[in-house]
Amino acid sequence: SSMGELHIHSVLVTGANRGSGLGLVQHILGMPTPPKWVFAGCRDPKGQQAQELQNLASKHSNLVIIPLDVSNPASIKAAAATVEKHLGGSGLTLLINNAGIVRNTELEEGTLENMRQVYTTNTIGPLLMGQSFLPLLKKAAQGSPGSALSCSKAAIVNMSSIAGSIAYPLEWDRMQIVSYCCSKAALNMLTKCQSLGYREHGILCVTLHPGWVQTDLGSAGGRKPPVTVDASVQGMLKGLSSLSEKDTGTFLDWEGKVVPW
């Protein structure tokens with residue numbers, strides 16, 4: 001398998017009940033040497049939308065579904081405590097902040113409430129997740145041999161979008177999603193800040209563009225996206241396996257190419 005190099009003891013994926021989040025969980029479970037723990041965070045683990053996750057959990061004893069709403073600070077703290085209990089003294093190797101929302105917001109329609117809602121999930125969520133899981137990420141880094149940064153040591157992966165790239169020519173005629181674009185540009189800056197702040201703790205931080213993927217979120221614009229979830233997830237996991245010191249704080253796409261800020 002092309003993903004053989006990624007050796008992670010434990011991973012948490014947010015927004016894991018559908019789309020790219022679910023795809024990541026499926027592919028991580030299918031690795032040649034899967035992690036000892038795969039934590040799948042979603043808002044309603046018992047609900048209809050988490051049915052596929054529940055089916056997976058019944059087949060994989062290393063998969064633990066965690067109730068987690070990243071727009072709610074108390075929910076984040078509770079999730080960190082639950083994950084810590086399961087890990088029983090070991091650290092969390094990989095945090096994938098995948099949960100995200102999109103609202104079609106044109107310039108005239110941007111409101112305080114709309115912007116607040118999108119930023120709370122897409123930008124503030126990953127900030128608070130980083131804070132709450134920092135002790136577990138630090139523990140993973142300390143327990144890993146060697147000083148070089150890598151995703152097998154300890155890492156935060158923030159799922160962004162090319163829509164958050166200021167340099168990339170936006171398809172303005174087709175997609176006016178101001179709140180989403182702004183929240184992802186801010187997430188990219190957060191990743192840069194995390195990479196600088198957490199480097200001393202041995203934690204690698206990157207922001208990823210998963211491609212324009214065939215998910216509910218990806219199809220919001222009304223046209224069929226070109227990239228399948230499987231292709232995107234396989235590409236991202238392959239890319240994560242080869243990241244090193246020089247890649248911390250960068251913005252990469254699902255094929256491993258650098259995306260302009």
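Tutor: Let us begin with a pair of charged residues. This is a predicted model, and in it the side chains of Glu255 and Lys257 meet in a salt bridge, with N and O 2.9 Å apart.

Student: Why can such side chains pair?

Tutor: Side chains of opposite charge can pair when their charged atoms come close. In this case Glu255 is partly exposed, at a relative accessible area of 49%, and Lys257 is partly exposed at 46%.

Student: How many salt bridges does a search of the whole structure find?

Tutor: The search finds four salt bridges. One of them joins Arg199 to Glu245, whose closest N and O atoms are 3.9 Å apart. Arg199 belongs to the loop between helix 5 and strand 6 (204-209), while Glu245 belongs to the loop between helix 6 (229-241) and strand 7 (251-253), so this pair ties together parts that are 46 residues apart in sequence. Arg199 has a relative accessible area of 40% and is partly exposed; Glu245, at 35%, also counts as partly exposed.

Student: Which residue forms a salt bridge with Asp247?

Tutor: Its partner is Lys246, with the closest N and O atoms 3.2 Å apart. Asp247 counts as buried at 12% relative accessibility, whereas Lys246 counts as exposed at 65%.

Student: Let us turn to aromatic rings. How many aromatic pairs does the structure hold?

Tutor: The structure holds two aromatic pairs. To read such a pair, one considers the ring centres and the angle between the planes; planes under 30 degrees apart count as stacked. The rings of Trp37 and Phe39 have centres 5.8 Å apart and planes at 10 degrees, so this pair is stacked.

Student: Are Trp37 and Phe39 buried or exposed?

Tutor: The cut-off for buried is under 20% relative accessible area. Trp37, at 17%, is buried, and Phe39, at 0%, is buried.

Student: Where does Arg103 lie?

Tutor: Arg103 is in the loop between strand 4 (94-97) and helix 4 (112-142), and at 32% relative accessibility it counts as partly exposed. A polar contact of 3.4 Å joins its side chain to that of Gln117. Apart from neighbours within four places in sequence, Arg103 is in contact with Asn114, Gln117, Val118, Ile177 and Ser179.

Student: Finally, which residues make the nonpolar surface patch?

Tutor: Leu107, Leu170 and Trp172 make a patch of about 290 Å². Residues in a patch have over 30% relative accessible area. Trp172 is partly exposed at 35%, and its place is the loop between strand 5 (155-159) and helix 5 (178-198).

Note on methods. Residues numbered from 1 in each chain as written. Predicted model: local features only at pLDDT ≥ 70, side-chain atom pairs only at ≥ 80, totals over all residues. Heavy atoms only, no water. Patch = residues over 30% accessible without salt bridge, like charges linked within 9 Å, V, L, I, M, F, W, Y side chains within 5 Å. Areas by Shrake-Rupley, 256 points an atom, 1.4 Å probe, with all protein chains shown as cover. Helix = DSSP H or I, 4+ residues; strand = E, 2+ residues; numbered from the N terminus. Buried < 20%, exposed > 50% of the residue type's maximum accessible area, 1.4 Å probe, protein only. Phe/Tyr/Trp six-rings, centres within 6.5 Å; stacked < 30°, edge-to-face > 60°. Contact = heavy atoms within 4.5 Å. Polar contact = N/O pair within 3.5 Å; in protein donor to acceptor, adjacent residues only side chain to side chain.
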